Amino acid sequence: MRRVKYAILGAGTSGLTALSLIRKQTDDFVIINGGHYGTTCARVGCMPSKAMIQSANIYHKRHHYDEFGLAGSESVTVDTAKVMQRVRRLRDRFTTGVKAGTTDSLKEGQLISGYAKFVGENRLEVNGEVIEAERIIIATGSRPVIPEPWKAIGDRLHTSDTLFELPVLPERIAVIGLGIIGLELGQAMSRLGVSITGFEMQERIAGLSAPEVAQKAVELISKDFPLHLGESAQLERTDQGVLIKTSNSEVEVDVVLASLGRRPNLDLLDLNAAGIKLDSRGMPTFDLNTMQVEDKPIFIAGDVNAFRPILHEAGYEGKMAAINAINYPDITAYERKTPLGIAFTDPDIGMFGMSYSSLNQDEVEVANFNLERNNGRAIVMHEDHGMICLYADKSTKKLLGGELIMPHAEHFTHLLAWAVEQGMTIADLVKMPFYHPVLEEALQSAIQNLYDALYVDSEDRIAPELTVMQ
């Protein structure tokens, strides 16, 4: 039986982040990975999807040539085979880079390809070998959710894990599940000439809960492809493809893209053998601020814990898990980062801080700002569409969070999340400099609306942006 100080299960973002810290301390570790290498983000997530989106949005711009006095839009064509080739070429570049700096640089015996399972509290079995580890980090990631009945559709069913392997895009695709991934890929493929139909059980898309923003998102995204919201879809394989049925619609497509979320890769680990109790969802109890499972020398990080399955959170959790594994039994609790989410649709969708659905409406002030005909920069860009919703605590006057759909929201969502992280009040924000003409002025207007509502009796209401010299 082999003995090591550390065992890391999974070579994704969390596992590799933990590895980078542990290998600075010692060579006495092993990292065990089942399946592909190169991280979910680089291989089937963030990066290949953005490559497809970039091609789609450039091609889509031909529709606006006339607005800008340009000609020749009718001569622009798309070759989806070449688009998909570029997606895979960039995907391979990113994954190769990840592996070169991590798993490819390990010494012999430090990397094991295979699926590990617990055979005791400190013991793992992989490929028939038993390994005893003093401290274990579980970072086995996740996989797409596929309802069991849908598997009968066979090769006409795809997920984001398989879509990018298609040599060309089919003519007709149903996207079922309109969260961030479904919306990004659905809109991109629609703009590349695919006939897309979207289905979502919720009445809203992208996980939005602020009413005005959610409504505006449906309005804008539905310009690219039809959305069927608020009911489940039934699938049936046909000779020509797949028939999708709801209570009031029926459409036949060539393939289905299932975008129903991702499931933690815990089922093969046999956590019970490690003495770990599981809840009704099959999840272990762990501390969100330490990543420790129960009181054991076991830590869980990244998509596998299903808390915030997104790359920057996975990396942060990998660091917490590694540091606490190194210092065990001395465990340190760390603050979590301000929640931050972005959908790279057009326009972008952003969410930061507290979600609207979690607010106590009696304790917060909410302000909305509609971009339509209200921002000079957006107007000249021919992109004056979108909605911003911000909310602040009535007592502390601090910005709590918000949701927005607008051009380049990926950048503004970051700025606003940083403001929440720094505990800034609306009075702090209203004093920030704003250039003209810029899209940031739309944020300025939303912030001003919040200020007017929160600081009703303020002496600075006439010119709150002015600061008296000390």
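Trainee: Which word describes how helix 3 and helix 5 stand to each other?

Mentor: Two packed helices are described by the angle between their axes and the distance between the axes. Here the axes of helix 3 (residues 46-60) and helix 5 (residues 180-191) come within 8 Å and cross at roughly 40°. Helix 3 and helix 5 are therefore oblique to each other. Angles under 35 degrees count as roughly parallel, over 145 as roughly antiparallel, 65 to 115 as roughly perpendicular, and the rest as oblique. Axes are lines fitted to C-alpha atoms, for helices over the stretch in contact; angles run from 0 to 180 degrees between N-to-C directions. Helices (H or I, at least four residues) and strands (E, at least two) are DSSP runs, numbered from the N terminus.

Trainee: What kind of model is this?

Mentor: It is a predicted model: local features need pLDDT of at least 70, side-chain atom pairs count only at pLDDT 80 or more, and totals for chains, interfaces and linings use all residues. Residues are numbered from 1 along each chain as its sequence is written, and side-chain values use heavy atoms, with hydrogens and water left out.

Trainee: Which strands form the open sheet, and in what order?

Mentor: Two strands pair if DSSP finds at least two bridges between them. Three strands form this open sheet, ordered 12-13-14, with antiparallel pairing. Strand 12 (234-237) and strand 14 (250-253) are the edges; each has a single partner strand, so one side of each lacks a neighbour in the sheet. From one strand to the next, the twist averages 20°. Four bridges join strand 13 (residues 242-245) to strand 14. Ile-244 stands opposite Val-251 in strand 14.

Trainee: Which peptide bonds are cis?

Mentor: Most residues other than glycine have a negative phi, and most peptide bonds are trans. Tyr-328 and Pro-329 are joined by a cis bond, with omega about 15°. Pro-329 sits in the loop between helix 7 (311-327) and strand 18 (340-343). Asp-346 and Pro-347 are also joined by a cis bond, with omega about 0°. Pro-347 is in the loop between strand 18 and strand 19 (348-353).

Trainee: Is Met-291, with its positive phi, buried or exposed?

Mentor: Met-291 has phi near 70°. Its relative accessible area is 0%, so Met-291 is buried. Buried means under 20% relative accessible area, exposed over 50%, partly exposed in between (1.4 Å probe, protein chains only). His-408 has a positive phi too, near 60°. At 36%, His-408 is partly exposed.
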